[in-house]
Every structure is written in C-alpha cells, then in structure tokens.
Amino acid sequence: MKRLNYVFFIVFLLFIPLTDANAYMVKYKEDFYKLYHVHYQQYPDDCIENIYWLEKAVQADFCNPLFISSKLETEKEWEKYRYLFQMHLNLKLIEQHLRLGRTYDKKAIVFYDAPWKDEYLRNLEKTLSCYKAGLYYWQEAKVWYEKANTSSFNFLTLTGYQNWEDERERIFTGELNYEKILNREISRVEKNIEELKSMESKY
C-alpha cells in the first residue's frame, strides 16, 4: 500500500507545472529594456548580451501606457514617450558598441608590435565594425530625436523621463554628437590598420 501511494505521489509531481507562479513573458519594449544592465567592469560578453536585449527592445511593441514606469496623462505625452524611448534605445546601442569596440582597440601602433600585427589587425577589424555599427544607430537615434523635437512638443516635457529629455536637448544643442566621436575613432582605427599592414614582421 505504501508503495502504491509513493507511485501516485511521483505521478502527481510530474503533472505540477514547472514554471514559477510569478513568471511572465518578456514581450514588450519595456520588458526587454529591463534586461539591459551595465556592470562596473564590463566584458565583451556583457556588451554582446546588452546589444541583444536592446535590439529586441527596438523591434518589440510598446506595452499599454497603463503599465509603464511613470504615468502619462494624454495621448500627446504617450506619443512623445514613444519617440524618446526609441531615441534612447538607439543611443544605448551606440554606447554598447563603443564599449565593445574599445575592448579590441589598440590606441597607438609602435615599432615593436610587428610580431603580433596579424592579431592586432583582426582585433582592429572588430573595433572598426563596432564603430561603424554605431553610425547606423546614430542615424536611427536622430530620426526619433527629430520626431520628439517638433514644435508640437515645445511646451511638453515628460518629467518622469527627464534623462531622455536631457538626451534630446543635448542632441539639439550639439553637446551630444556621436557622429563626430565615431568618425574620429573610425579614422584613427583605419590609420592604425594601414600602419600595421605596412609594417614588416622583423622583430
């Protein structure tokens, strides 16, 4: 009898759902954005993970405004929120590509780098790829910035998303210009690549 009860107990356990009672589906922009995080010391895998979640956020739908972190009162606020969020996501993608590129970057080329030039070249190609990807996201960020910066929003500030508003304002004033930063870095990396390619492996 005890054995039979034990068998029934095991069968019962097999039919208990394995999902956590508090689990929820990651579906909306806001959900994916919550998975993005920056460590004090960020390794390439951390950057790649963040890029993945931010890309997912860019592609996902917005959740119902009832469930976002700061209350919105009007449809106009909801419209601006969407533009600012898309702008912010693209700016974060630029930051992550810069971080990732810098892990492979070699700031300066010196004569004794010759024996390892092939390895340095492979790393600099990765760096160049990251920085050029950043330019794409800058163009995307500017599209959403322009939508959020139209005259129809002149007297509308989303105080619950002040950091996004600050980013928009910094783009407007020219204080935040990733295109300038990225082009400068791309030119430097391309110059370093050419210098390495012309170097003889004699040391």
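Visitor: What makes K76 and E79 about one turn of the helix apart?
Guide: K76 and E79 both sit in helix α4, 3 residues apart. Bear in mind that this is a predicted model.

Visitor: And why is K76–E79 called a salt bridge?
Guide: The N to O distance is 3.5 Å, and the cut-off is within 4 Å, so the pair qualifies. Side chains of opposite charge can pair when their charged atoms come close.

Visitor: Is K76 buried, exposed or partly exposed?
Guide: K76 has 32% relative accessibility. Buried would be under 20% and exposed over 50%, so K76 counts as partly exposed. E79, at 22%, is partly exposed too.

Visitor: Which ring does K76 lie over?
Guide: The ring of F153, with 4.8 Å to the ring centre. The distance limit there is within 6 Å.

Visitor: Why is the Y81 and F85 pair called tilted?
Guide: Their ring centres are 5.8 Å apart and the planes meet at 55 degrees. Stacked needs under 30 degrees and edge-to-face over 60, so this pair is tilted. Y81 and F85 are 4 residues apart in helix α4, about one helical turn.

Methods:
Residues numbered from 1 in each chain as written. Predicted model: local features only at pLDDT ≥ 70, side-chain atom pairs only at ≥ 80, totals over all residues. Heavy atoms only, no water. Phe/Tyr/Trp six-rings, centres within 6.5 Å; stacked < 30°, edge-to-face > 60°. Helix = DSSP H or I, 4+ residues; strand = E, 2+ residues; numbered from the N terminus. Lys NZ or Arg CZ within 6 Å of the ring centre and 35° of its normal. Salt bridge = Lys/Arg side-chain N within 4 Å of Asp/Glu carboxyl O. Buried < 20%, exposed > 50% of the residue type's maximum accessible area, 1.4 Å probe, protein only.
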